[in-house]
Amino acid sequence: MTAGSVTFSSATSRRAPRLAVVWTFLALMQRDARVLRREFLPFLLRTVVQPFLFVFVFAYVLPKIGQGQRGFGEVLVAGLMGSSIILQGIQAVAIPLVQEFSFTREIEDRVMAPLPVWGVAVEKIVFAFLQSLLAAAVVFPLLYLVPLQRPDIRVQPLVLATVLPLGALVSTSLGLWIGSAVNPRQVPLVFSLIVIPVTFLGAVYYPWAALSSIRWLQVLTLVNPLVYMSEGLRAALTPQLGHMHYLAVYGGLLAGVAVFGYFGVRAFIRRVVS
Amino acid sequence: MADTGTTVMPRAEQREPGSGPAIRTRELVKRYSNGTLAVDRLELEVRQGEIFGLLGPNGAGKTTTVGMLTTRVTPTAGEAWVAGVEVRRHAVQVKRLIGVVTQSNTLDRSLTVQENLYYHGRYFGLNGREAAVEADRILEMVRLKERARAPVDQLSGGMQQRLLIGRALVHRPQVLFLDEPTAGIDPQARLALWEILRELHEGGQTILLTTHYMEEADRLCERVAIMDRGRILALGSPEDLKRSLGAETIMTLQVEPMSERLVAGLSGLPGVLGVERGPRGLDLYADGARGLLPRVVETALAENAELHDLSLAAPTLETVFIKLTGRDLRE
């Protein structure tokens, strides 16, 4: 055994403190990437199955048997991408977090890594953010190829390049909040009471403007972050269908990042520091 | 092993590494939001290279103390320094200087045994090659080389505990904190763990451990602080603490009735230094056991007291604790 002289020097002392914190942050990301690589197939299946079935039934099967509209696939492109991002974003943070907080207590290990506690929370958001973008990339070809009638996609690059990351950030921040603030035993309940309504009423299956005939619902769903994501993606991919005003889209998304991010990080810190 | 015995703590910026106490607290207080006073104006000093034990029953404030020293619990008042760095103001810096093993098994279940060590090294600033080398060193040290590629779930409890300790050492911390390191593991695994801790100690590692096993404190620690209700009641080497009782033998009697006259009679016997009602009966502190037994029996008979049980023991840290608090360590 070569262990131990009295003059132990801590490994990180060689690096400047600020740089060392960045290093630690990146090391946490590498650890997460290692785990994701190992569990890539389950990740893909979890991401793909729901949007695939949806687009298959509503944009292929129903039109084929003469029961649906042929153009429905076009409406669904933005909506299903949005819902994949939000589902993946929430799950990618909240599910591991619930586990790490409860029976494994693994979180204590991550929290002892040499960076501020909020840095651990931000790392969770950032890594899940990448997963959530990956989910969008995986889902897109399905949405394009499966419908009976190819959707007419008119990409607005600038809008897409801003709405996608903002939407992913909103989702993962919300995931951090749910994962940190909710008692592990109540997480299934939260999924039923929050996540499912969010995805069903998130302007996924219709443009938000079409709700004008159900005014109260149209107003009520404005608290739903997915509405802004779906409408923003509609503006980015199928602008010919009409969409919410840009100001509303970006305002809604930025507000979502700020609110969920703030409460998420706060709940996380409260959970690990007493 | 340098004991500088300084009373004034230099500021972090001025501090030379390797000088001054490894841990120091001043008037450290933790009151939880529910009102519980877990730690009450704690004054503690741990020397470099020392194995120091916090001994006390559950709820004594040991874990809260370790929590404050390891940045996980925010003190209500007071100050604490680890390796000369103030814990509250420089939490990140302190985290770099310490290795921590908490009571829960916090191994990364998504990684293998080797990866647990490797990624820990990466968190603490090692590059890939260095981390792999350190991981190997630790695998050897905690005798888990053959299990390097196993998922951590497949290890026994004792092996997992060894891995937890090994992981806390990957980045060569200045102070190693172990909170109840052998709670809930079998006696054989406990001995193996003690062995590892002794080796570390010989290598100069400063270790602070908490325990409610008096045997662990006695056999492993150079100095022990006996803690109860958030305060330190006594502090010293195990030998000094036991000697502080002034008795060589403790005789515990289960006797009924425990009358005042009986207590007075026993106290008057030659060689008896004191008699106290302890949690297990009447404790007689004596300077030797010679000739004591028949006199005790005679006295009991003379007082018409029925003697159910009688035991003799050399002083232990447990008897010190009982003497100080009137309670058992395990209560």
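Modeller: One aromatic cluster is formed by Phe54(A), Phe58(A), Phe72(A), Phe200(A) and Tyr205(A). Rings of Phe, Tyr and Trp (its six-membered ring) pair if their centres lie within 6.5 Å; planes under 30 degrees apart count as stacked, over 60 as edge-to-face and the rest as tilted. The model is predicted, with local features needing pLDDT of at least 70 and side-chain atom pairs counting only at pLDDT 80 or more, while totals for chains, interfaces and linings use all residues. Residues are numbered from 1 along each chain as its sequence is written, chains are lettered from A and ligands numbered from 1 in the order in which they are written, and side-chain values use heavy atoms, with hydrogens and water left out.

Over all chains, the ring rule gives 13 aromatic pairs. Among them is the stacked pair of Phe56(A) and Tyr60(A), at 5.6 Å centre to centre with 10° between the planes. These two residues are four apart in helix 2 (residues 40–64) of chain A, so about one helical turn separates them; helices are DSSP runs of H or I, at least four residues, numbered from the N terminus. Phe56(A) is partly exposed at 31% relative accessible area, and Tyr60(A) is partly exposed at 28%. Here buried means under 20% relative accessible area, exposed over 50%, and partly exposed in between (1.4 Å probe, protein chains only).

The pair of Phe101(A) and Phe268(A) is tilted, because the ring centres are 5.9 Å apart and the planes lie at 55°. Phe101(A) belongs to helix 3 (residues 72–101) of chain A and Phe268(A) to helix 10 (residues 246–272) of chain A, so the pair ties together parts 167 residues apart in sequence. Both Phe101(A) and Phe268(A) are buried. Arg271(A) lies over the face of Phe101(A), 4.3 Å from the ring centre; the rule asks for NZ of Lys or CZ of Arg within 6 Å of the ring centre and within 35 degrees of the ring normal.

As for the chains, 42 residues of chain A are in contact (heavy atoms within 4.5 Å) with 44 residues of chain B. Five salt bridges are found across this interface, each a side-chain nitrogen of Lys or Arg within 4 Å of a carboxyl oxygen of Asp or Glu. Asp108(B) forms a salt bridge with Arg110(A), with the closest N and O atoms 3.3 Å apart. Helix 1 (17–38) and helix 4 (107–111) of chain A are the elements giving two or more residues to the side of chain A that touches chain B. Helix 1 of chain A gives the largest share of that side, twelve residues.
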